[in-house]
Amino acid sequence: MSLPIPWPGFLDTDDKRREWALWTIGICLPLMMVLCTFENGSKVGRVIFTATALILGAISYAKGWLNRQAIKPLLPPLIAVFIGILIACTFSIDPGYSFKMFFEQHLWFGLLLLLVAGWADTPGRQRTLLRGYLLAAAVSAIAGVFLYYFAHDLDDMHWIKNWDDYVYRARDESGNYYFRAQGLLESYTRSAMVFVMAVPAAFAICLDAMRKRRFWEVALCVVVLLFSLWYLLLTKSRGPWLAVGTSTFLTFIFLRGRLLYLFAAMGVALALLVVMPKERQRALTLIQHISNPDLLFSGRFELWKQGQQPISENLWTGIGHGGNIFLTDAGIERYELYSANDRQPDLHQIYMQTLAEVGIIGFAAYAWLVITLLVLGFRSLKRHWNDPELPGGPVALASLISMLIFGLVFYYNEEHVAQLLYTMVGLLAARPDLAALESQSAGE
């Protein structure tokens, strides 16, 4: 029975319903990614696009329109993660906050992981997803650069409320002030972390466009990458610089890109540093601070030392799930997290913070999920090593490895960045539709 829609033949067959559902998911996911680069004014849109994609995904799985085999390896570790989080919520120092965080964030992040794993089984859908990250990079970088230079003027004209939401006034170890771009996420670290995934995605699309001689798309990617590099330098976030470099380098290796392109990108980065003295000075501190590890790691040693108490006191179940659990009334009352005389929201390390939040039980579940994703990623890479038509898995694997390394000095398992990451790593479990791949190759 066809739906009462005025367009003749619209959704009147199961094939057309399937095509419409999968097409709509491919529209919602990129738009969701763009909104994940915004702090203000994006929540309603993110909820709508995320919910629409997940509802259509659930219907598609029920109808057999998505590859159910792809999610089988993910279900046991993901269910274990959910159980570990719920145990931590139950024994939390603030159960209300912890349960709220689970049902507002991580439940849906896990479902996004499963959705992408079954949906992105064709080269076209994988490229669609990567183009979503490309679009997110374009919006975040261009807006971030613009706000860095003009936020103060916009504040004077009352077009924005507070210019310092977008530009942070920092002080170096010598007491000198300098400015850091905070972008639309109003955080120089979180906004920079978006590019750990977005820049490799943009490079993958650029390499694919070069191979297929779509030079207009190559030009678009180059412009986005230049703005991304410019914005990253303006954040003066040393950790994300290294993380983006690592994920991009691994992407080139996994996709068998020409090293000439990578050297060209490095040359552009060095050229920008030459003409940007403040950013060049910040980059040089990576070398200057080697002899002083506390400066190199921005005072994190003392913070990590403080984290030993909540971990040891709540070893098995954690103090409670949620990235800002230490900022709840109970967290502030029981534990002090200070660095550079400022109250800190977390331990600035994914491993210690996860152990503190969900204890050994939850940490073991997360480790199981991460290992499963890495195994799936390397198996997929080995199976399709000579197949440039499937860029999603290599980009996701490179991004995950880089984020795991980056996690030694930062925490990112919350809010916008986590939503982007869970969506990205779903590509590691995607099983390519070989029939669609052969059909596309024959058509080209």
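## Helix packing, a salt-bridge network and a surface patch

The buried residues of α2 pack against α1 (14–35), α4 (95–119) and α17 (415–425), where contact means heavy atoms within 4.5 Å and buried means under 20% relative accessible area, exposed over 50%, and partly exposed in between (1.4 Å probe, protein chains only). Helices (H or I, at least four residues) and strands (E, at least two) are DSSP runs, numbered from the N terminus. The model is predicted, so local features need pLDDT of at least 70 and side-chain atom pairs count only at pLDDT 80 or more, whereas totals for chains, interfaces and linings use all residues. Residues are numbered from 1 along each chain as its sequence is written, and side-chain values use heavy atoms, with hydrogens and water left out.

Helix α2 itself covers residues 43–63. The buried residues of this helix are Gly45, Arg46, Thr50, Ala53, Leu54, Leu56, Gly57, Ser60 and Tyr61. The expected span of a helix is 1.5 Å times one less than its number of residues; for the 21 residues of α2 this gives 30 Å, and the end C-alpha atoms are 30 Å apart, which agrees. After α2 comes Gly64, with a positive phi near 85°.

Asp15 lies in helix α1 and counts as exposed, at 60% relative accessibility. The C-alpha atoms of Asp15 and Trp65 are separated by 9.2 Å, although the two residues are 50 apart along the chain.

Leaving aside residues up to four places away in sequence, Ile85 touches Phe102, His106, His321, Val358 and Tyr366.

The charged side chains come next. Side chains of opposite charge can pair when their charged atoms come close. A salt bridge is a side-chain nitrogen of Lys or Arg within 4 Å of a carboxyl oxygen of Asp or Glu, and a search of the whole structure finds 8 of them. In one, Arg131 pairs with Glu217, the closest N and O atoms being 2.7 Å apart. Arg131 lies in helix α5 (residues 123–156) and Glu217 in helix α7, so this pair ties together parts that are 86 residues apart in sequence.

Through shared partners, salt bridges join Arg127, Arg131, Asp208, Lys212, Arg214 and Glu217 into one network.

Arg213 sits in the loop between α6 and α7 (215–235). Its relative accessible area is 62%, so Arg213 is exposed. Arg213 has a positive phi of about 60° although it is not a glycine. Glu186 likewise has a positive phi of about 60° without being a glycine, and is found in the loop between β2 (177–181) and α6 (188–211).

Beyond α7, Ser237 occupies the loop between α7 and α8 (238–254). Ser237 is buried, with a relative accessible area of 2%. Its side chain reaches the backbone oxygen of Tyr188 at 3.2 Å. Not counting residues up to four places away in sequence, Ser237 touches Arg180, Tyr188, Thr189, Ala192 and Leu232.

Phe249, Ile253, Leu259, Phe263 and Met266 form a nonpolar patch with about 470 Å² of accessible area together. Patches are made of residues with over 30% relative accessible area and no salt bridge, with like charges joined within 9 Å and nonpolar side chains (Val, Leu, Ile, Met, Phe, Trp, Tyr) within 5 Å; accessible areas come from the Shrake-Rupley method with a 1.4 Å probe, and for residues only the protein chains shown count as cover. Helices α8 and α9 (259–275) each supply at least two residues of the patch, and the largest share, 3 residues, comes from α9. Phe263 is located in helix α9 and counts as exposed, at 52% relative accessibility.

Note on methods
A polar contact is a pair of N or O atoms within 3.5 Å; within protein, one must be able to donate a hydrogen and the other to accept it, and residues adjacent in sequence count only if both atoms are side-chain atoms.
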